[in-house]
Amino acid sequence: MKASKFTDAKKGFVVKQGEEGTPVAEICRKAGISQATYFNWKKKYAGLLSSEMRRLRELEDENSRLKKIVADLTLDREMLQDVTKRKL
């Protein structure tokens, strides 16, 4: 996945501007993002503090690493089961 050029603090700042009443089109133009991106950020980060956003990011990264480990271990287990079936 492509890394975002926006930090969590910048994303929070953009979302906060929208909550303060600035028109979405103006926010998106200034930030250089699409309105779809703004609304995705709003759905995900609305009401979170920057420390909470950082923790959410860390948890998402850890979750993806763990899913990858589980997939690798599952594949290894299936390969070993195939080998043992062939030997019998």
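Biologist: Why is K30 called exposed?

Modeller: K30 has 60% relative accessibility, and since exposed means over 50% relative accessible area, buried under 20% and partly exposed in between (1.4 Å probe, protein chains only), K30 counts as exposed. This is a predicted model, in which local features need pLDDT of at least 70 and side-chain atom pairs count only at pLDDT 80 or more, while totals for chains, interfaces and linings use all residues. Residues are numbered from 1 along each chain as its sequence is written, and side-chain values use heavy atoms, with hydrogens and water left out.

Biologist: What makes the contact between K30 and E26 a salt bridge?

Modeller: The term asks for a side-chain nitrogen of Lys or Arg within 4 Å of a carboxyl oxygen of Asp or Glu, and the side chains of K30 and E26 meet at 3.1 Å, N to O, so the pair qualifies as a salt bridge. Both residues belong to helix 2, where being four residues apart separates them by about one helical turn; helices here are DSSP runs (H or I, at least four residues), numbered from the N terminus. E26, at 28% relative accessibility, counts as partly exposed.

Biologist: How do you know that E60 and K44 link distant parts of the chain?

Modeller: E60 lies in helix 4 and K44 in helix 3 (residues 35–45), 16 residues apart, and their side chains form a salt bridge at 3.1 Å, N to O. E60 has a relative accessible area of 31% and is therefore partly exposed, and K44, with 38%, is partly exposed as well.

Biologist: Which helix holds both E58 and R55, and why is R55 called partly exposed?

Modeller: E58 and R55 both lie in helix 4, three residues apart, about one turn of the helix, and their side chains meet in a salt bridge at 3.7 Å, N to O. R55 has a relative accessible area of 46%, so it is partly exposed, and E58 counts as partly exposed at 42% relative accessibility. By the salt-bridge rule the count comes to three.

Biologist: Why is A25 called partly exposed, and where does A25 lie?

Modeller: A25 has 47% relative accessibility and therefore counts as partly exposed; its place is in helix 2 (residues 24–31). A25 and Y38 are 13 residues apart in sequence and 9.6 Å apart in space, C-alpha to C-alpha.

Notes:
Helices (H or I, at least four residues) and strands (E, at least two) are DSSP runs, numbered from the N terminus.
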